[in-house]
Every structure is written in structure tokens, then in C-alpha cells.
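Work through the exercises below with the model open. Try each task before reading its solution.

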Amino acid sequence: MALAVLVLWYAGAVWLNAPTATDALNRAGPGWTTADLIRATLAMKRPILPTPDQVALDLYTSLTGYPVTSIRNLLYHTGVTAGAALAGFGMGVVLGVALAAGIVQARTLESSLLPWVIASQTVPILAIAPMIVVILGNLGFTGLLPKAIIAMYLCFFPITIGMVKGLRSADPLTLDLMRTYSAGTAQTFRLLRLPASLPYLFTSLKIAVAASVVGAIVAELPTGGQAGLGARLLSGSYYGQTVQIWSALVMAALLSVTLVAAVGLAERALVPGGRGGAR
């Protein structure tokens with residue numbers, strides 16, 4: 001499967017870059033062959049679609065050719081984005097769990113609050129991000145906070161919905177038993193509802209932590225900052241550095257995979273049985 005993807009990637013790069021390479025070969029002189037064309041498409045400095053080896057070389061050069069604290073190192077940009085994503089993820093967890101607990105404990109909130117929670121996700125994040133950055137900037141809040149709030153906006157929704165489902169998944173017979181023993185609402189929540197919701201919560205957390213990375217990257221686009229994967233993508237598009245864009249995308253994917261794996265490790269440690277997943 002991986003080999004097929006690589007073959008298709010190289011074929012797509014040759015096909016997309018062929019017109020530009022053909023013009024360059026024609027300007028250099030007649031007599032070039034198909035092999036010359038293929039070599040030219042694979043060696044372009046600013047290709048329309050870079051090849052896997054070009055992306056890998058750019059990643060290697062960026063990660064090993066500069067200090068980690070250098071703005072030219074992709075790990076530096078990844079760390080900036082990861083900080084904003086994790087801050088937004090933490091805020092999203094607090095907000096999502098609080099909303100879910102309120103919805104489950106107070107039935108009136110389900111009809112009054114839940115529709116607004118759902119409606120909030122119909123507004124495109126690309127439309128909201130610049131407004132949040134501008135509003136908070138005028139209030140004196142810059143840097144991490146605006147990016148974290150945008151990341152929180154993307155990740156609180158799956159946590160809320162998953163947690164509501166999880167809190168309501170407690171066994172009805174066990175709930176009746178808790179009432180028989182005169183357990184209060186707080187005791188029932190802590191001893192029964194919360195443990196029953198953990199598999200659902202961690203399933204939602206995996207979705208949310210990946211969404212928080214997307215939110216952090218989107219938040220970096222309108223800020224005009226010099227650090228972060230979003231800033232790296234923006235500078236690459238400004239100067240036509242498609243290889244730089246693709247290497248930043250690869251790092252964003254690796255960051256998301258790493259964070260999802262970390263949530264999975266926490267799930268195996270905290271969920272009874274260590275298997276995870278809503279059952």
C-alpha cells in the first residue's frame with residue numbers, strides 16, 4: 001500500500017510539474033528526451049507538487065541543520081503550535097466536561113443550551129479566527145491566548161457530545177441502587193456516572209486533540225506571527241516554497257499523531273481493562 005502511494009505521488013509530481021519543466025528545457029535548447037523531462041520534473045526547486053524525497057530532505061535539513069531554538073528549525077515551529085494546541089485542548093476539556101455535566105444534571109439545559117452548542121459548530125473557523133484575534137488584540141491579549149481560544153472552539157464540541165453520551169451510559173439498575181442507598185447527586189456523579197463515561201470521554205479526546213492542532217494552525221494564519229506551523233505555511237505560500245509547505249504539513253500530521261497516541265496511552269492507564277474505546 002505504501003509503495004503504491006509513493007508511485008502515485010511520484011507520477012503525480014511528474015505530471016503536474018511537466019509543463020514548467022518542458023518550458024525550461026525548451027529555453028535551454030532542443031534535443032531533450034523524455035528521460036531529461038522526468039529528471040527535470042523531479043529536480044525542480046519550486047515544484048507544483050514536490051516529490052517525497054524532496055520533502056524528506058527538507059525535513060532532514062530543517063531538523064538537523066539548525067539549532068532547536070532557531071526559527072529555521074521545524075521543531076521550533078512545532079513546539080509553538082503544540083503549546084497553543086495543548087492550551088486550547090486543556091481549556092476545551094474543562095469547558096466540554098462542564099457543559100456535559102450541566103446538560104446531564106439539569107434537563108432544561110439540554111433543550112436550552114445543547115442547540116447552541118451544536119449551532120456553534122456551523123460557523124466556519126476561518127471566519128471566526130480573524131475576529132477573535134482582532135477582538136482580543138484590541139483588548140490587549142496577544143500571543144498564546146487567542147490561538148488557544150480558537151483551538152478550544154474546535155475541540156470542546158466532541159468532548160461535550162461524547163461526555164453527555166458517557167454520563168448517560170451508566171447502568172439504570174445501578175442508578176436505582178444508588179438511590180436506594182440515598183446517594184446524593186454529587187456521589188452518584190463521582191462514583192457511577194464519571195467512571196462509566198471514561199471510555200466515551202477518551203474517544204472524544206482523541207478527536208479533540210487532533211482538532212486542537214488544526215485550530216492552532218488556523219489561528220496562526222491571521223496573526224502575522226513569525227513562529228508556528230501556520231506561520232511556516234503562510235511564509236511558504238508567500239514565497240512559493242511548496243517544499244516548505246509540504247514539510248510543515250508533514251510535521252503537523254506527526255504532531256497530531258503524537259498527541260493522539262499520548263491520549264491513547266492515558267486511556268490505557270485510566271480506563272478499566274486498558275482497552276479503551278466506547279463499548
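**Exercise 1. Fold and overall shape**

Task: State the order of elements from the N terminus on, then describe the dimensions of the chain.

Solution. Step one: read the elements from the N terminus on; they run α-α-α-α-α-α-α-α-α-α-α-α. Step two: count them. The chain has 12 helices and 0 strands. Helices (H or I, at least four residues) and strands (E, at least two) are DSSP runs, numbered from the N terminus. The model is predicted: local features need pLDDT of at least 70, side-chain atom pairs count only at pLDDT 80 or more, and totals for chains, interfaces and linings use all residues. Residues are numbered from 1 along each chain as its sequence is written, and side-chain values use heavy atoms, with hydrogens and water left out.

Step three: take the dimensions. The C-alpha trace spans about 90 × 50 × 35 Å along its principal axes. The radius of gyration is 24 Å, whereas a compact globule of 279 residues would have one near 19 Å. This radius is taken over C-alpha atoms; the globule rule is 2.2 Å times the number of residues to the power 0.38.

**Exercise 2. Helix 11 and its surroundings**

Task: Which residues of helix 11 (residues 229-238) are buried, and which helices do they pack against?

Solution. Step one: apply the cut-offs. Buried means under 20% relative accessible area, exposed over 50%, partly exposed in between (1.4 Å probe, protein chains only). Step two: list the buried residues of helix 11. They are Leu229, Gly230, Ala231, Arg232, Leu233 and Gly236. Step three: find their partners by contact (heavy atoms within 4.5 Å). They pack against helix 3 (52-64), helix 4 (74-105), helix 10 (185-220) and helix 12 (242-270). Step four: look past the end of the helix. Gly240 follows helix 11, and its phi is positive, near 70°.
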